[in-house]
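Subject: Structure handover

Hello,

I am passing this structure on to you. Please open it alongside this email.

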Amino acid sequence: MKKLILFLFILSGTLQSFSQDTGGETQDTTSFYNLSLEELLNVEISVATKKALTLRESPGIVTLITENEIRNSGAHDLMELLRTVPGLYFGVDVEGVVGIGVRGNWGHEGKVLLMFDGQEMNEQLFSSLQFGEHYPIDQIKKIEIIRGPGSSVYGGNAAYAVINIVTNNNPDFQGISAAVSYGQMQKTYASRSISINGGQHFGDLAVNAGLYAGEGNRSDKVYSDLFGNSYDMTYESHLKNYLVNFSTEFRGLSFRFLGDYYQVEDRDGYDEAMSEASQMDFNSVFFDLKYKWKISNKFYAIPQLKYKEQNPWKVYEHSAPEDAPYYKEANIPSANLTMHYDVRSNMEVEGGAEYYLDQATDHNGGTFDNGKASITYYNSSYFIQGLWSNKIANLTLGARYHLNNAYDPSFVPRIGITKVIHKAHFKLLYSKAYRSPSIENIRLGENIDPEQTSVAEFESGYQFSSNSYLTANIFDVTTRDAILYYYDRGTEGYHNSGSTGTRGFEIDYKIKSNFGYADFNVGFYTTRGKTKSDSYQVTDQNELLAFPGIVANAILSLRLNQYASLNPSFTWMDSRYDFIGEDAEGNSTYRKFDPELMANVFVGLQHPKAKGITASIGCANIMNTEGVFIQPYNSNHAPLPGRSREFRITLRYDLVRK
Amino acid sequence: MLRLGTYMLSEVRAKILLLLAAFVFGSFTLIPPGTEGNEYQIKAMFVFNFTKYVEWPEVKSNDVFTIGVIGESEIFDQLERVATQKKVGESKIVIRSLSIEAEDYCNIIIVSKSQTSKLEQIEKRYAGKGVLIISDESPRSAAINLVTRDNKIRFEINQSLAKIGGVKISSQLLSLAVEVH
């Protein structure tokens with residue numbers, strides 16, 4: 001509480017001093033349009049956008065969520081935003097942790113990569129991501145979601161999707177932004193947070209720093225396990241996240257420190273609920289030092305040193321009696337070199353090498369696969385990617401060669417052909433991904449092998465005008481030797497399943513106009529024609545556990561006047577299935593959840609006089625839909641309830657200087 | 001609690017947060033910032049600014065000032081944004097997407113990177129029609145060719161091609177060009 005008071009004090013003082021000092025000096029984009037030719041000659045191109053292909057040309061199925069869309073949505077949690085992307089869903093793993101699925105497939109452990117300001121947020125012991133009041137969105141500039149493998153560029157954890165989050169904590173941002181948010185469910189608060197971020201140039205030196213402190217509750221409903229136990233989550237599903245983000249850049253040399261502290265209150269356990277709750281921590285620190293060495297106008301190299309340290313799934317000694325203490329540390333020092341060469345105006349090549357160690361230590365006296373309390377795996381990767389824009393099409397070819405001292409070398413190719421013909425575009429993409437088992441996969445698995453994923457995609461789109469376009473894609477995903485987790489009456493482990501996968505389509509229509517904007521999308525998947533794994537399947541259905549075959553979203557932002565907008569959004573999910581056990585003959589039995597419609601509405605307000613002060617007020621889950629998180633594999637964890645109707649307010653102050 | 005190396009940060013976290021907050025928010029001064037922009041945002045503004053230094057035949061003057069873009073390019077969207085903010089004289093700016101075979105009149109035609117191989121063909125079609133043809137990073141310059149030098153946008157001018165196109169470029173613009181042919 002003291003910290004919150006301290007934050008509020010700093011925030012209020014800062015807001016006051018800035019509003020007094022700078023008054024109307026804030027520049028917006030209109031000032032850019034007033035630059036003379038002489039002034040334009042001195043404007044530098046921001047590097048990030050220099051070679052960027054348009055979304056229509058880029059070799060991937062990409063969804064972009066902009067800062068403006070994030071603010072208008074009224075969302076406070078990253079899950080709220082990602083749920084509106086076709087093909088993304090959430091399910092419960094174990095111990096109160098919620099993970100992500102893509103195109104019907106469970107991607108929680110090492111199949112979806114989340115990058116936060118260039119840092120790989122997946123924890124290194126199991127490669128998982130944890131959602132729910134995690135990865136604060138108040139400071140986000142944009143989110144790029146690439147469905148389909150990104151492994152040839154990003155490595156092993158990117159088989160199904162890459163979520164690339166870029167915050168305002170970068171050298172482009174100068175000014176200050178601050179936000180406070182509070183959400184109230186029916187029985188307790190849903191979330192409360194404070195966020196502040198600032199950036200300043202001192203000559204050629206750019207400095208940015210951001211702080212976030214937030215907490216919330218997963219649900220205010222009653223959780224009932226499959227063994228007849230129940231408890232009220234109102235008081236035993238607490239979530240907490242602190243984040244420190246600091247970056248600095250000087251003439252191409254940049255450094256970032258990111259500290260992420262996330263805590264989950266766990267009483268649901270693995271299958272049977274525990275007698276009392278225990279806390280579980282996911283702590284990560286990241287150090288990243290790199291230099292953009294511009295050798296010529298056509299050639300640059302980026303040497304980079306990184307260090308990541310994590311204590312994921314940390315359960316303390318004084319935890320619930322049923323919960324075994326878990327305290328392991330993962331360290332990943334890495335060095336890499338990326339080189340970029342513009343061969344011609346329509347051709348570029350990027351390549352590089354990476355060397356890193358996967359190290360882990362057990363602080364609770366346990367051992368790893370080598371029989372010792374510490375273990376190290378040695379990894380090296382070499383990658384190359386070329387883009388050639390010619391008369392026929394844009395051609396992207398890429399490959400990554402990975403060496404690991406525990407497994408055979410792997411080769412991951414990628415090919416992308418994209419073509420824009422007037423208002424239409426086409427993309428034909430084929431990628432492979434390869435993931436070596438993580439440190440804990442190896443320890444808990446029996447002769448566990450790497451898994452391989454291959455994804456084929458075709459997208460076509462039509463731009464009706466510069467503000468309105470339709471895209472549609474079909475996909476086919478296959479994972480061979482999929483590494484699956486299981487938990488059965490106190491025994492846990494990993495094994496390779498034969499094959500699993502889905503196929504389906506996604507359609508997205510976006511329109512912008514004077515009224516505001518709208519986005520209508522639908523995602524569909526089926527297992528028809530694909531091999532189903534025993535762990536994921538719903539017998540006699542063409543879909544997999546937890547994730548609905550069809551999800552449709554409508555996201556609208558309606559401009560009411562110069563200062564106000566109305567932002568309703570709707571998500572409709574088809575029926576879902578939960579595994580509840582086996583009958584006397586050993587056949588799996590399921591519980592079917594009926595289709596659900598979830599609706600949110602938020603009003604966005606701008607202060608008519610005090611520039612930069614905005615508010616978002618509204619209601620999430622208006623219809624009080626159940627919105628449970630179902631376990632996507634058959635390990636007897638009951639569905640974890642979602643939040644009840646939530647009223648939320650977010651106040652922001654932004655002073656952005658260009 | 002955040003762990004850093006083998007040291008627990010819990011005891012010093014408050015101090016670190018305070019120091020960071022003081023560093024960020026206590027030391028800000030309003031130093032004039034350097035300016036950066038998206039490549040095509042800058043190029044679009046260059047195109048708009050060229051209109052102040054180029055003369056078109058009077059017969060082509062109209063209520064609207066038309067800029068056509070041949071080939072897929074991010075400059076299209078950026079020009080549309082400029083068009084919502086700016087006018088050329090009293091004329092409203094209209095941005096059009098043109099096919100490679102188009103013969104429609106525009107005051108300016110921009111040939112995108114992917115279509116620079118068709119530059120000569122386009123120039124022949126519009127010869128003498130009072131059209132300023134601008135190429136984007138073309139190995140062979142049009143009347144004006146936008147180029148990148150030292151991470152900044154510059155432009156080259158080919159006077160004879162401008163003359164063939166039927167437009168007149170002012171000496172002031174020539175003096176700002178990185179190369180004049």
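Below are the conventions, then the findings for each chain.

This is a predicted model, in which local features need pLDDT of at least 70 and side-chain atom pairs count only at pLDDT 80 or more, while totals for chains, interfaces and linings use all residues. Residues are numbered from 1 along each chain as its sequence is written, chains are lettered from A and ligands numbered from 1 in the order in which they are written, and side-chain values use heavy atoms, with hydrogens and water left out.

Chain B

Chain B has six helices and 13 strands. These are DSSP runs, numbered from the N terminus: helices are H or I with at least four residues, strands are E with at least two. Of its 181 residues, 53% count as buried (under 20% relative accessible area; exposed is over 50%, partly exposed in between; 1.4 Å probe, protein chains only).

Look at helix H2(B), residues 39–50. It has 12 residues and reaches 17 Å from its first C-alpha to its last, close to the 16 Å expected (1.5 Å times one less than its number of residues). 12 of the 12 residues are buried, so H2(B) is largely enclosed by the rest of the structure.

H2(B) packs against helix H3(B), residues 75–85, at about 55°, with the axes 8 Å apart. Axes are lines fitted to C-alpha atoms, for helices over the stretch in contact, and angles run from 0 to 180 degrees between N-to-C directions. The contact (heavy atoms within 4.5 Å) involves residues including Tyr40(B), Ala44(B) and Phe48(B) of H2(B), and Ile75(B), Leu79(B) and Val82(B) of H3(B).

Chain A

Gly104(A) sits in the loop between strands E4 (98–102) and E5 (105–106). Gly104(A) is buried, at 2% relative accessible area. Beyond neighbours within four places in sequence, Gly104(A) contacts Tyr89(A), Thr502(A), Tyr525(A), Leu544(A) and Phe547(A). Its C-alpha lies 24 Å from that of Ser219(A), 115 residues apart along the chain.

Are they buried or exposed? Arg251(A) is exposed, at 56% relative accessibility. It lies in the loop between strands E15 (238–250) and E16 (253–266). Asn636(A) is buried, at 14%. Its loop runs between strands E37 (613–620) and E38 (646–657).

Best wishes
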